[in-house]
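Subject: Structure for your review

Dear colleague,

Please find below the sequence and the structure that I am handing over to you.

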Amino acid sequence: MKLGCCYYPEHWPEAIWAEDARRMAAMGLRLVRIGEFAWSRIEPEGGARYEWGWLDRAIETLHAAGLQVILGTPTATPPKWLVDHMPDMVAIDEQGRPRGFGSRRHYCFSHEGYRAECRRIVTALAERYGAHPAVVMWQTDNEYGCHDTVLSFSDAAAASFRGWLAARYGTVDALNAAWGNIFWSMEYRSFAEVDPPHLTVTEANPAHWLDYRRFASDQVASFNREQVDILRRLSPGVDITHNFMGFFTEFDHHDVGRDIDVATWDSYPLGFLEQFWFSREEKAAYLRQGHPDIAAFHHDLYRGCSNGRWGVMEQQPGPVNWARYNPAPLPGMVMLWTLEAAAHGAELTSYFRWRQAPFAQEQMHAGLLRPDSTEAEAAPEVRKAAEVLAAIGPQQTAQAPVALVFSYAPAWVIGIQPQGQSFRYLELVFTWYSALRARGLDVDIVSPEADLSGYRMVVVPSLPILPEGFADKLGALTCPVLVGPRSGSKTDSFCMPEGLAPGSLRDVIPLTVTRVESLRDGISEPAEGFAVTRWREDVASDLAPEWADAEGRGVVYAHANIRYCAVWPDAKLLGLLVERMAAEADVPLTHLPEGIRIRRTRTHVFTFNYSAAPVFVPHLGLTLGPASWHLDPL
Amino acid sequence: MKLGCCYYPEHWPEAIWAEDARRMAAMGLRLVRIGEFAWSRIEPEGGARYEWGWLDRAIETLHAAGLQVILGTPTATPPKWLVDHMPDMVAIDEQGRPRGFGSRRHYCFSHEGYRAECRRIVTALAERYGAHPAVVMWQTDNEYGCHDTVLSFSDAAAASFRGWLAARYGTVDALNAAWGNIFWSMEYRSFAEVDPPHLTVTEANPAHWLDYRRFASDQVASFNREQVDILRRLSPGVDITHNFMGFFTEFDHHDVGRDIDVATWDSYPLGFLEQFWFSREEKAAYLRQGHPDIAAFHHDLYRGCSNGRWGVMEQQPGPVNWARYNPAPLPGMVMLWTLEAAAHGAELTSYFRWRQAPFAQEQMHAGLLRPDSTEAEAAPEVRKAAEVLAAIGPQQTAQAPVALVFSYAPAWVIGIQPQGQSFRYLELVFTWYSALRARGLDVDIVSPEADLSGYRMVVVPSLPILPEGFADKLGALTCPVLVGPRSGSKTDSFCMPEGLAPGSLRDVIPLTVTRVESLRDGISEPAEGFAVTRWREDVASDLAPEWADAEGRGVVYAHANIRYCAVWPDAKLLGLLVERMAAEADVPLTHLPEGIRIRRTRTHVFTFNYSAAPVFVPHLGLTLGPASWHLDPL
Amino acid sequence: MKLGCCYYPEHWPEAIWAEDARRMAAMGLRLVRIGEFAWSRIEPEGGARYEWGWLDRAIETLHAAGLQVILGTPTATPPKWLVDHMPDMVAIDEQGRPRGFGSRRHYCFSHEGYRAECRRIVTALAERYGAHPAVVMWQTDNEYGCHDTVLSFSDAAAASFRGWLAARYGTVDALNAAWGNIFWSMEYRSFAEVDPPHLTVTEANPAHWLDYRRFASDQVASFNREQVDILRRLSPGVDITHNFMGFFTEFDHHDVGRDIDVATWDSYPLGFLEQFWFSREEKAAYLRQGHPDIAAFHHDLYRGCSNGRWGVMEQQPGPVNWARYNPAPLPGMVMLWTLEAAAHGAELTSYFRWRQAPFAQEQMHAGLLRPDSTEAEAAPEVRKAAEVLAAIGPQQTAQAPVALVFSYAPAWVIGIQPQGQSFRYLELVFTWYSALRARGLDVDIVSPEADLSGYRMVVVPSLPILPEGFADKLGALTCPVLVGPRSGSKTDSFCMPEGLAPGSLRDVIPLTVTRVESLRDGISEPAEGFAVTRWREDVASDLAPEWADAEGRGVVYAHANIRYCAVWPDAKLLGLLVERMAAEADVPLTHLPEGIRIRRTRTHVFTFNYSAAPVFVPHLGLTLGPASWHLDPL
């Protein structure tokens, strides 16, 4: 795994570039990402009058120091002159307000004029640097969707949506039928009558929302593809990446992942711990380390996103600036996070950023250097990590024993129609992941389209809309398979399937979900060894339940190697299920103390202590200090 | 009491209509409500080209099965073609945004063009079906005000408001004087200068808001009246209803109730429990039953709304889709709710809906049938309820011993000027109702205009604006009367009365409220046997207080048969007051265990167990199972 | 100290004015503020057709009763005719919506047309009454900024902002450099391209926001200055005031304070207790008294705002109408508040309002009289206060032993970039104030520009942007000085300083803040005798820490007489710091029981009991009843 950093030569005096490059190399870095926000310096005035000089010199300077460049296209930050030239290029938010200039990502993915400008600037960049020996990777744009920017409700978006619908449905009658628009006299006479689904009096038709989300996701993918196509043509053989985000499901990353070579993501474990659903206790226990599965979850997710090639484009090196509270990592955590990435097979880990900027929006975001160019706390950890990585050599991943099936559409479906407000799809997948990993299992997070053969356990936490053939694919497996609540509960048009949920899964496990309940926070219905919370389904089946609650209502059903879990599984039920499936699959588990995780490559076993205290690790027979790690040959 | 269901033939293949009708009849249903959202099928294109065929056949099919039809006017769901024809017909929300097409109720009550379209479609419907032998009732529109739709801030509304003000005040000087517009130089020189009271820098004049709420309520009533007038003319002798909602006070239902024949309401006890002010403990204890007074409260409220004729148009038969959490009713609850309605004298209970729709917004809302046409959990309970109802025969209500005086304007007055944010008028009335009913009392909820003679106890929880003659009416009573805080505290123009609160009530109880306090949540000031929370008034009077707090501040004052309660009464003070008044009135109380309620008709006593556990009921000498009932002759 | 009241003759029949005036005088009042909302009566139609008659008579009536008049300019309430004449004069809120007519303060400070109207009406008022013997003081406008009205995002504001920027930066390149606009390609090519910083996709550049806040603050000051200039010219020798608010930092009050003669403020301790950051326990303990430091804090703040001349223009006399909950003051509190003002050197205390209005927005706001003209609870306390004040004579303040350095810009800087959401600048200053005062210290709250010599202790709770020369000023002091976290952490352009925080303070204490952390609520890291919460900084220094946490991380550093506190100080650390500094300064402390406060003038020591219970006061050797006071000669 190569190490790198994110660098903004345009932020600093040219006089210090060479020294920066020298220090980067000396620290063990090999990659430098640049350029992704620099449009106003590349083209200060519009009119295709480019200022290449500074960028030429920046790349040369890095190259001269033996560094390789990841060059970003600057399309996340259209300059003011461009916005003023086509004011309707800005996105419109769900409240109907234009999103103003003055930060970033103010563009609408559907605006053809802006797309043309993007093609132009990407073409110009690729023509100039596509064959430059320093440029080893392109990054398209930056963090698609950041700051809630996937959805736009502009006229451009509405017009594109109508075209998208026409292509999908052919006739408006087909659309009306698919969505069930008769329901409240919502029938359209032409595609031209269809608007985006926002600002309706009460919820819009969920099918309307789902198609709007699909359309918006497709717009992201096609926006990206336009850049990829140009880069492929003008910079053949150079890898293309995009830097995805954490806990983010607003567009289908599998779609974008298919078009690029390397899926990268931006890893900020402390900010994510603070901003997401973790309990007060978890937020306290892992304050300066992040929950032990946050980074690993995304590593395994993005490895499954782009044909196995992946990396970390932005790695938190200290406090960030954007969470409600921003603590500093414990000493050792930056190195630990780096090794965790290697343990999951990353090609690169790039720290964000080389030097903390003393100005503008992210001035409180730490870097490897402080604004005064002294080394920040992470720098020696990076230097040490580079040494360790060099010592152990490249790490290759094997297929994991467990496949965890994850998809983006379920997040949209359940977000559009939660039915119980505590049913959060991403949390459900994450808690499954955490239950598996806490028992020492390596996990591949894969899309429903993935080849599932070769796995020894398969978990589908929830999959409301079953892709064509998915039930058959599960049926063909011989390993233990678990399918969770709401699976098969919707058709492709956001309707309930004929014969009810779980739809075509009934072909592989004979049961019907006759009714669902959601339970408010604090309601906990006892069962043997666990409790039912948040969600439960009534199941009609000739099968006797494998687990039931205290009143005998079925909770888990099994049929041959297929299980159906009819509730939101609490941590205890997750444990029971993982243990039984592992026993059936003859997959050994490792009982790990709280905060300890392990991960295997083809050659090594990594053990990590995410606790803030020393922990005795039975399988190692030794005690690991806080935020520390241990490495064994496999 | 007839049973019925809500049915949408336009949602289903015509081929299954006859079988549906047969099954409805076999289940014991006699009434079927149809048509209220079907405008786009009745008139798919505009231009008064009506498609009557399907509706003719649907009505004939139901009729042929022996079912009677309640036919809804479709004005809650104007189709897209109509909105596009007059885009300014949509309501404008309080933030100034047009309310978009794509769900329902997007119209502004004040738009004359839309009103003309409504008159046209209602006329066409009434001309076609006004004399049809199957049609036994009309329903106007659907749930006026649902989704916060009473208030609109459109140009049409503003113009109508100006006319309304001119009619009310005659001159703008009279308006300025009535509202006290001198206060912040808010004086107008003409009615044309007056805007709706939204988006002001800080709160607008409360008199401005009160008149806007009165105006908006009047617009609902006149909108309804236009339909009633047409239906009376074209369908003489056929009852007219409107289906009101629960815990909803945005317009004056007494006004609308006067114009129709039968007040119906839509009863969703589990959703209401979740969405309203009930405590965490109540929400847990009554999770799958609803608080024991939710349905009864509305039954008694709507019975008083339309000359005693009332019913349930939509009865929850399973989980709903619109609350934050949506549990399923306990087995037995659907039957229990049905009998509770009968016990309060309902003419009809109609379940919403016959078959769960597998598409669009309400696909997670249970029906009597599942989407696959199998019977849902409620179906056998309905069948049983039909048998029981047949066995006991029609139930007539007698005047209850207690009148609870309720009105809509207090909800507006207190909502506009809460003064303490925990003073919720509807909750105050409900807690009074619950205190009475928990002691075995039957209650009539009546408007201040009602004849109060004949009652043995009268409770007025709060009545800030006293209708003309109301104090005299109370003064003429000889039974125990209790008047609660804030009564008589405002004039008709939202000013403080001369001589201070309680205004003209001082004629019947000699005291003056000199000052009011509101107390934050958690503040509880002890008194003998109860505590003062939320609200307390300083009272100047020669009367010695009947109850005082630990420091001797008066809490309740009595003068002859009239009492004034100067605080928000907690549950214990409510109990003390009910018990003393009942003793004075010689009205016997029944001490009921928690969760048990009774209700008498002219012929029967119904006992209901709303608990989730079996409860021994002393006055019956037997134990009732969870969600079960017991019936005795009176 | 003179007593007074706020009076609105235009609200009442002229027939009662004389009796009102007589009763005011008899109650011991000498000052009457009038006129500040009366534009629509002074000029009912526009066109400079003034109606002076009623105001002439009102002033004469008060004068005849021996009362002095504070005359307000009516510019906070432009009438409807004026708004309709220039609709773009209204402010635009941060969401982009025009702020509607119907309450007050709907104007934009930047609208030149409205400013001209204000100059016209102020000129007319000053020409008529500038030399009137009754008029002893002018009040400009009313509560600048109330209801979130400092910021406006109108076209007028945007245009003025551009001019302000051009004046500040000279060239747009200088602006781009100062703000660091290269960061996300936010560079401008001309000032004309710069918009207000609202509605951006994510946070705008903090430098952009800071300049917008500075600009907006300057607009308030220049708006005020226009009125002051007219009044100085046409009413020479008559004092000018403006009534500021409590816990309000949206504009720089020191700037406005420099232009007026007497800083007054509006004191509503019970409302402020409810609405601000006080804990649940404090809100319960001080429910009807207000936290013991609320009034005193503002007295000391505003005394420092306008050259030592200050007063209370609106004193709460009973329940207010605008907090979530509105309790009544304990008996005695109105008198106690009055004496607290005297103890801090107020020139006047004016009660808001003479008579409670029975109409419009503030009808639930108590007065000295009830709406029926009977005396409210406060009246006898006012009468008594007048007697006591007459008995003790004028109270002069001496320089306090402690200077607490407070400024407005830190509230903007930290509000724009909190980094940890619990770091609230005003709360930090208040808790310092409270820690000092709870130990019996008198405090001067002064601006960073103040002369600090002569103080025996100086506390700078936080000062992110150090004014030119401030570090040198501190360095020149010989008394104990404490500087708190974040001080010196920003340049004037909202960047991090070269050499890092604390910037130029490193000249007086040799340390560098290398990193900062914010800690979520509930995180409490132990140290000896206190705990670290909310915020902590990593400090690099050759100094050994004076206090450290349990792990040895430095918390407080001292160098000669200068201390740096690197954390958010909890109450215990505040106590340790105050006690050590006082010992060093040889300033005696008085250990006061909870709820007891003292304050010295040149001649007297006032002791106040803010508790709701009697408290034994050791230094007095006696027990003070609840809400009571004690007075000794110094």
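Chain A can be laid on chain B by a turn of 120° and a shift of 0.0 Å along the axis, with an RMSD of 0.0 Å. The two copies are thus related as by a three-fold rotation axis. Please keep in mind throughout that this is a predicted model. Among the residues of chain A, A:Gln95 comes closest to the rotation axis, its C-alpha lying at 5.7 Å.

**Between chain A and chain B**

In this interface, 46 residues of chain A are in contact with 56 residues of chain B. The size of an interface is often given as the accessible area lost when the parts come together. For chain A and chain B, about 4600 Å² is buried between them, and 54% of it is on carbon and sulfur atoms.

Seven salt bridges are found across the interface of chain A and chain B. In one salt bridge, the side chains of B:Glu274 and A:Arg520 meet at 2.7 Å, N to O. The count of residue pairs in polar contact between chain A and chain B is 27, with both residues at pLDDT 80 or more.

Which elements of chain A take part? On the side that touches chain B, β13 (511-518) and β15 (530-541) of chain A each supply at least two residues. Of the elements, β13(A) gives the most to this side, with five residues. By class, the side of chain A that touches chain B has 17 nonpolar, 15 polar and 14 charged residues.

**Between chain C and chain A**

Here 46 residues of chain C are in contact with 56 residues of chain A. Chain C and chain A bury about 4600 Å² between them, with 54% of it on carbon and sulfur atoms. The interface of chain C and chain A holds seven salt bridges. A:Glu45 forms a salt bridge with C:Arg189, in which the closest N and O atoms are 3.2 Å apart. Across the interface of chain C and chain A there are also 27 residue pairs in polar contact, both residues being at pLDDT 80 or more. On the side of chain C that touches chain A, β13(C) gives the most, with five residues.

**Within chain A**

Chain A is divided into domain 1 (2-147 + 216-392), domain 2 (402-585) and domain 3 (596-633). The C-alpha centres of domain 1 and domain 3 of chain A lie 30 Å apart. Their contact takes 22 residues from domain 1 of chain A and 16 residues from domain 3 of chain A.

The area buried between domain 1 and domain 3 of chain A is about 1500 Å², of which carbon and sulfur atoms give 66%. A:Leu336, A:Ala343 and A:Ile392 supply 33% of the area that domain 1 of chain A buries against domain 3 of chain A, more than any other three residues.

Two salt bridges are counted between domain 1 and domain 3 of chain A. A:Arg599 forms a salt bridge with A:Asp300, the closest N and O atoms being 3.7 Å apart. On the side of domain 1 of chain A that touches domain 3 of chain A, the elements that give two or more residues are α12 (294-303), α13 (333-343) and α14 (378-392) of chain A. The largest share of that side, eight residues, comes from α13(A). By class, this side of domain 1 of chain A has 13 nonpolar, five polar and four charged residues.

Yours sincerely

How values were computed:
Residues numbered from 1 in each chain as written. Chains lettered and ligands numbered in written order. Predicted model: local features only at pLDDT ≥ 70, side-chain atom pairs only at ≥ 80, totals over all residues. Heavy atoms only, no water. Domains from an automatic or database assignment. Contact = heavy atoms within 4.5 Å. Buried area = accessible area lost by both parts, 1.4 Å probe. Salt bridge = Lys/Arg side-chain N within 4 Å of Asp/Glu carboxyl O. Helix = DSSP H or I, 4+ residues; strand = E, 2+ residues; numbered from the N terminus. Nonpolar A, V, L, I, M, F, W, Y, C, P; charged D, E, K, R; others polar. Least-squares fit on C-alpha atoms with pLDDT ≥ 70 in both. Polar contact = N/O pair within 3.5 Å; in protein donor to acceptor, adjacent residues only side chain to side chain.
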